[in-house]
Structure formats: C-alpha cells, structure tokens
Amino acid sequence: MNQAVLNFLPARAVTWLQSKNNSNKTHPAAKNLSLAEINKEYVIEDVVAADKEIVNFLFTLGCFKGQTVTVISLLSENYVIAIKDARYSIDADLARAVLLL
Amino acid sequence: MKIALAGNPNSGKTTLFNAITGKIEHVGNWAGVTVSKKEGIIKKTVNPSDTRITAVDLPGAYSMSPFSSEETITRDFIKNEKLDVIVNIVDATSLNRSLFFTTQLLALGIPVVVALNKSDLTKKKKTTINIANLSAQLGCPVVETIAANSSHNGLETLISKVIEVNGQPQTAPFSDQGVDLKNPQSVEYFDTQRFEFVKDLVGKVENRQIKSNAQTNQDIADRFLAHKWLGLPIFALVMWSVFSISQTHLGPILADTLVGWIDGLYALVEGLLGDQVSPVLSALLLDGIIGGVGAVVGFLPLIMVLFFLLALLEDSGYMARVAVVMDRFFKKVGLSGKSIIPMVIGTGCAIPGVMATRTIQNERQRRTTAMLTPFMPCGAKLPVIALFAGVFFNDAAWVGTAMYFTGIAIIIFGALMVVRITGEKNARTFFILELPEYRFPSIKRAIVSTLARAKAFIIKAGTIILLCNAAVQIMQTFNWQLQVVAEGAEQTSILAGIATPFAFVLIPLGFGVWQLAAAAITGFIAKENVVGTLAVVYGITNFIDTEELALVAGGSDVAGIMGLSSVAALAYLMFNLFTPPCFAAIGAMNAELEDKKWLWGGIAFQFGMGYVVAFITYQAGSYITTGALGQGFVYGLIACLALFGALIYCVNQGERKAQQTLALYTA
C-alpha cells in the first residue's frame with residue numbers, strides 16, 4: 001500500500017489493513033456504497049473499517065464480501081439500504097466502508 | 001419445563017411473550033426494546049396441558065457471535081441455562097437474514113420450534129412460504145404465528161409443538177464441524193457457508209412475487225417522514241400534538257374530574273373524623289395523606305394520556321425514522337441519532353428512557369445519552385410544571401414549552417461538553433439502525449401499557465409518596481423535643497431544622513426558604529413529591545384548582561402563600577427539573593453507565609446544571625423585572641464560577657487527550 005495513503009489513515013486501520021492484505025491491492029479508488037446508484041443491485045467486494053466490531057456486526061446482518069446490496073434512498077444524509085430482505089439506515093461514513101465490485 | 005424465546009431484534013419476541021404469559025412487558029416497533037431477560041409462566045388459554053412452562057423473553061440477537069451487550073446476554077443465557085426447548089421467533093418477511101441465527105440455535109442440541117411470526121405481513125407482500133418444506137429442511141417444527149393478534153394467532157399450536165418436542169434430540173441442518181472459534185478467519189469462513197446454506201434453503205421454500213429491494217409504499221412514506229428538512233417540522237408537530245393533547249386538552253379535563261373526587265374524599269373523611277379526633281392525627285390523615293397523595297394522584301390522567309400517546313408512537317415504527325432524521329444533528333454534538341429515542345421515552349419516564357440507551361453501540365454516545373436523558377422533563381415532573389404554571393403564571397402554555405426547550409438546550413450543551421471531556425472529539429462513530437415496517441399502532445396494546453404505567457404510578461403514590469408525605473407531616477408537626485410545634489413557631493420543627501442548612505445554599509437562587517428546600521429534597525425520592533410536600537407544608541390540598549389557592553390565601557395574591565416572586569418561582573421550578581432525577585432514575589443511570597466515574601460525573605453535572613440554571617434565571621430575571629439583582633448574588637456567582645472553572649478544567653484535560661490521540665494517529 002502506498003505510504004502517502006497510509007499516513008492519512010488512523011493507526012488502527014493501517015495495522016488492520018496490513019494484517020489483512022498480503023497483496024498490494026489498494027481500496028481508496030474502489031467504488032463504495034456512498035457512490036452507488038439508487039435502486040441498483042450491487043455485489044459487495046469488501047467491508048473495510050478501522051472498527052472491527054462494526055465489520056463483525058455488518059457480517060451478522062449479511063453484509064459482507066459476495067453478498068448483494070441495494071440503496072433504496074438517501075434520507076437526511078443517511079443511506080437506506082436493503083440487505084437480505086431487510087432495510088437499514090446507515091450513515092455516510094459506514095456507507096464508505098462498504099466497497100462494491 | 002423452561003423455554004426461551006430467541007430471535008432477531010424486532011421479530012416480535014416480547015409481543016409473543018406477553019401474548020402467551022399474559023404479562024405486560026414493554027414493546028415497541030424498533031430493534032432493541034427488550035434489554036434484559038424477563039420470565040413468565042405460560043397461561044392456561046394457550047397451554048391447556050398440565051405441564052407448567054416458564055417462558056424467558058430474551059433481548060434480540062442477530063447471531064451467536066456477540067457484538068452488543070444484548071447479544072452477549074442472549075448467548076450466555078442460552079449456553080448456560082438448562083433450557084428444555086428454544087422457541088425461535090423468525091420474522092417471516094426476512095428469512096434470508098433471520099434463519100442464520102436459527103441454524104446456529106439448531107446446532108446447540110436443544111430442541112427448537114420456529115415461530116414464523118408476522119406471517120400476516122408475508123401475505124400482504126404476496127410472498128408464500130412452504131411451511132412443510134421449511135420444517136423439513138430445518139429439521140424442526142415450524143408454526144405460523146401472528147403474535148400481535150389476539151385470536152387466530154397460532155400460539156396454541158406453537159405451545160403444543162413445544163410440549164411435543166420436549167426431550168427430543170435436535171439435529172443441526174448445517175454443520176460447522178471443524179470450526180476454530182478462536183480464529184476469526186475460520187469463523188468467518190463457516191459463517192459465510194452458513195449464509196450460503198440459508199440462501200439455498202430460502203430459495204427452495206420461499207416464493208416472493210415482489211423483490212425485497214423493490215421500492216414500496218413504506219419507502220415513499222420514509223421519503224417524507226425522514227426527509228432531510230421536512231422530517232424536522234413533522235417530528236416537531238408530532239411531539240407538539242403529544243404534549244398538547246396530554247397537557248392542555250384531554251389530560252386536564254380528566255384531571256379535573258379526578259381532583260373533584262379527591263376533594264370529595266377529603267370532605268368525607270373530614271366529616272367522619274369530626275372534632276373528637278386529635279388535631280395531629282386529623283392533620284396527618286387529611287393534609288399529609290389525602291392532601292399530599294391527592295395532589296400527586298390528581299395528575300395521573302395527564303401522565304396516562306402522555307404514556308398512551310407515547311406508546312402509540314413507539315408502536316408505529318416512526319421512532320426509527322426520527323433517529324435517522326436527527327442523526328446528522330446529534331452527530332455534530334457527539335451523540336447518535338438513536339439518542340433521540342431515549343429522550344422521547346424520557347418525556348414519559350426517565351427510567352425506561354435511560355434503559356433504551358442500550359441500543360446505542362458506541363460506548364461514549366451510550367453513556368452520554370444515559371447521563372443526559374434525565375434532563376428531559378418526565379411525567380413525574382409534569383405535576384411540578386403544572387403547579388408552577390398554574391400558581392405563578394396563570395396557566396401560561398409557554399412555561400411547559402420553555403421547560404422542554406431548556407431541557408433540550410442543556411442536553412446539547414452537556415453533550416458538547418462530554419465529548420470534549422472524554423477527548424473523543426475527533427473519534428469516528430458509525431450509525432446503523434434497522435428500519436422496521438410501519439404499522440398501525442395497536443390501541444389495545446397502548447391501553448394495556450398505559451394501565452401498567454398507571455398501576456405503577458398509583459403504587460408509588462400509595463407507598464413511597466404516602467410515606468414521604470406522612471414523614472414530612474410528622475416532622476413538620478413536631479419539634480426536636482417531640483412536642484407539637486406551636487402556631488407561629490414553624491421554624492422550630494424537625495423539618496425546618498433539617499431543611500434550613502440546605503435553604504441557606506439556595507438563597508442566591510431566590511428560594512432560600514426551608515419549606516421549598518424540604519420539597520426539593522423529597523423530590524429526589526420521587527419528583528411528584530415536590531408537589532406533595534408543598535401541599536403538606538403549605539397546607540394546600542388542591543393544586544390544580546387555582547381558585548382554591550386564592551381562597552387559602554384569603555383572596556390575596558396566590559403566590560403570596562409561598563412568598564415567592566414569579567422569577568424565583570421559575571428558578572425553583574427549573575432547579576427541580578434540572579437537578580439529578582429521582583433515585584430510581586439514578587439507579588438506572590448507574591446500571592447503564594457501568595462506571596462510577598461516569599455516574600458521579602453525571603450527578604455532579606446535573607447538580608451543577610440545576611444550580612447554575614436556577615441562579616441565572618433568578619438573578620437575570622430579578623434584574624429585568626425589578627432593576628436590581630436578587631439576594632446573595634455575589635455568593636451565588638462565586639459558586640457558579642467555581643463550577644464553570646471545574647468544567648473548563650475537565651474540558652482542557654480532554655482536549656489535551658484528544659490532541660495526543662490525534663498526534664498518535666498522524667505520527
């Protein structure tokens with residue numbers, strides 16, 4: 001991973017990313033949920049956040065690599081998303097953590 | 001025989017629990033209403049057999065892998081308790097997610113019965129589920145239920161299945177043999193497989209006509225109710241309706257009737273006692289008990305109407321949308337959008353409000369919300385507000401409204417301070433909340449929940465408040481030598497002796513009188529006590545009817561009885577509202593904060609806030625109305641400056657910590 005990019009990430013995210021990624025694949029350019037079109041089904045490429053708990057939690061809802069997700073609407077700066085037959089509202093920070101293929 | 005009700009949040013566990021046990025536990029239409037386990041015996045109408053079954057209602061969980069504290073309770077309970085059967089409540093509208101947890105429960109070796117709840121909603125969505133096939137695939141009985149219905153709800157069938165499978169072995173449809181629970185990668189691998197298994201299974205048993213990610217009417221409703229700007233006036237209108245119906249329209253009409261009955265009782269008892277009874281006893285009975293408790297019970301209708309409307313609101317699914325609307329504002333002050341739910345509930349009672357903070361994942365946001373929720377004027381503070389608005393402000397509507405807005409302002413200020421004190425100003429937090437489906441709120445459930453609250457209120461009035469008022473009456477009647485206090489020598493009574501030192505501290509706030517200090521102190525036991533105690537110490541039995549107050553005062557200015565100016569009265573009202581809540585709410589805070597430093601910090605903040613707000617109100621108000629500052633200005637100012645100094649010191653410490661963390665990240 002590019003050193004300049006690492007400098008701007010929180011330390012925990014950096015170590016976590018490093019431990020997870022043996023390859024030199026980078027994510028910043030990847031499309032994330034906050035850029036998704038409304039009403040279009042996407043496949044999740046990965047969920048990346050410094051906070052491991054939130055990644056685990058999203059996992060239990062069925063929001064993880066390989067699963068599909070649809071943005072239903074944008075409400076009050078929150079994203080309404082449909083995963084596994086249920087609706088959730090997530091904020092922009094969390095939407096950016098969900099990377100799409 | 002013992003069974004547990006387990007399932008995803010908002011799948012209807014508590015509704016089902018209430019329906020099979022006849023209990024009245026609190027339900028609401030959002031994820032995470034139940035925060036601790038509850039037990040009950042299943043009633044005869046759904047369990048005609050001779051087997052006695054204890055049901056345990058657990059907080060919702062999405063999986064056995066713990067994330068929030070509720071899920072930990074569920075997981076520990078299921079693993080440690082000797083359960084005979086697990087009833088897994090599955091939301092029929094989201095099988096793809098719900099069955100993940102089901103497959104985990106099936107692997108525990110305890111017989112499972114699946115209650116396919118909200119089965120009426122699937123029909124509405126033109127989704128059909130092949131029950132027989134689902135049951136075969138899972139290897140356990142599946143019963144369609146509609147727990148919210150009072151009949152044809154499938155609950156009897158459910159319980160008969162529970163009895164049937166009791167003692168039977170349970171096989172797991174999905175095997176995760178070889179999983180290494182200590183290795184996250186291994187767990188993730190098997191859980192991914194588990195989701196795949198569920199997806200396959202759902203594909204076989206479910207026939208969906210409308211895809212779950214298609215836009216629905218509900219989504220259209222969301223666009224208005226949770227609209228970026230429209231959402232705010234809608235929320236304001238909803239809350240305004242709740243308060244105006246309960247406090248200015250329906251509530252007072254009912255309250256007047258009830259007060260009439262209490263007056264009748266007073267007169268009846270007075271007549272029965274006659275002149276032969278000792279004046280001490282008659283004063284205790286009439287002024288202490290009927291007067292004091294009556295002053296509190298008279299407000300019951302207002303509180304019941306408020307609880308009824310809040311129950312409707314909670315049941316509708318609207319609260320989750322409010323959380324979405326408020327998130328971006330609350331985030332700015334370091335709270336979560338979910339913090340609004342405890343605060344709205346807190347307008348009814350701070351205790352369930354504080355408990356509702358448990359759905360907030362971030363620890364600091366959760367604790368800050370628990371610490372600040374009691375600043376929302378609760379139902380028990382309504383009598384106090386109504387009394388002061390009635391006596392000093394001619395029942396002006398602005399008094400109540402101003403109290404709520406002051407509460408909100410204090411919460412915002414408090415949140416801004418806490419996020420700085422903890423040094424987490426730059427910390428990132430995430431917001432995620434399940435959006436439940438809207439539903440027409442059940443009037444029956446709201447009535448049941450209101451009656452439960454009313455019962456608790458009456459019990460409180462009949463025990464704690466009654467005892468307090470009797471004690472206040474006795475302490476007021478006797479002096480330290482245990483002689484009856486002579487007329488005109490009230491300041492020699494025990495009560496005056498205890499309250500005077502406190503009254504001294506309150507002089508800069510405009511109400512340094514022992515009677516008022518005593519009332520404020522009893523307010524910590526229960527806030528309604530403020531009214532009860534004032535009724536006792538001033539010998540006024542009817543606080544809602546200001547005409548009677550005028551009568552007592554001999555037709556002169558009613559405020560004269562208490563010897564307070566309007567400004568001092570407002571300061572006293574604010575002091576009572578914005579100091580620490582009652583002991584029961586402090587207990588709830590203690591349970592949720594889980595940290596003594598936070599608890600004492602919170603209480604100190606509440607005390608300081610009450611003092612400073614009352615000081616500013618009294619002194620500034622006096623200056624505006626009379627052109628001169630009130631009594632004890634300098635002493636009060638010193639105290640307030642000291643409090644501010646302490647706050648600034650804490651904030652500075654926190655800022656330093658924040659800078660260190662920031663430096664650490666960027667280094």
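Modeller: In the hairpin formed by β2(A) and β3(A), two residues lie between the strands, and Ser76(A) there takes a positive phi near 45 degrees. This is a predicted model, in which local features need pLDDT of at least 70 and side-chain atom pairs count only at pLDDT 80 or more, while totals for chains, interfaces and linings use all residues. Residues are numbered from 1 along each chain as its sequence is written, and chains are lettered from A and ligands numbered from 1 in the order in which they are written.

Strands here are DSSP runs of E with at least two residues, and helices are runs of H or I with at least four, both numbered from the N terminus.

Between the chains, 33 residues of chain A are in contact with 36 residues of chain B, contact meaning that the C-beta atoms, placed from the backbone, lie within 7 Å. On the chain A side, the elements giving two or more residues are α3 (52-60), β2 (68-75), β3 (78-83), β4 (86-91) and α4 (92-97). The chain A residues on this side divide into 15 nonpolar, nine polar and nine charged. In this classing, Ala, Val, Leu, Ile, Met, Phe, Trp, Tyr, Cys and Pro are nonpolar, Asp, Glu, Lys and Arg are charged, and the others, Gly among them, are polar.

Strand pairing also crosses from one chain to the other. Three bridges join β4(A) to strand β9 (residues 432-434) of chain B, and the two run antiparallel. One pair of bridge partners is Ile90(A) and Ile432(B), the latter in β9(B).

The C-alpha trace of chain B spans about 85 × 70 × 45 Å along its principal axes.

Chain B has an open sheet of six strands with mixed pairing, in the order β2-β3-β1-β4-β5-β7. β2 (38-41) and β7 (142-144) of chain B have a single partner strand each and stand at the edges, so one side of each is left without a neighbour in the sheet. From one strand to the next, the twist averages 25 degrees. Strand β5 (residues 112-117) of chain B runs parallel to β7(B), with three bridges joining them, and Val114(B) stands opposite Val142(B) in β7(B).

Two helices pack on this sheet. Helix α3 (residues 95-106) of chain B touches β1 (2-7), β4 (85-91) and β5 of chain B, and its direction makes about 170 degrees with that of β4(B). Helix α5 (residues 131-138) of chain B touches β5 and β7 of chain B, at about 150 degrees to the direction of β7(B). Such angles run from 0 to 180 degrees between N-to-C directions, and axes are lines fitted to C-alpha atoms, for helices over the stretch in contact.

α5(B) also packs against helix α7 (residues 184-205) of chain B, at an angle of about 155 degrees and with the axes 9 Å apart. That makes α5(B) roughly antiparallel to α7(B); angles under 35 degrees count as roughly parallel, over 145 as roughly antiparallel, 65 to 115 as roughly perpendicular and the rest as oblique. The crossing of α5(B) and α7(B) is right-handed, a label given if the near helix is turned clockwise from the far one by less than a right angle, and left-handed if anticlockwise. Asn133(B), Leu134(B) and Gln137(B) of α5(B) make the contact with Leu201(B), Lys204(B) and Val205(B) of α7(B). The residues of this contact divide into three nonpolar, two polar and one charged.

Methods:
Two strands pair if DSSP finds at least two bridges between them.
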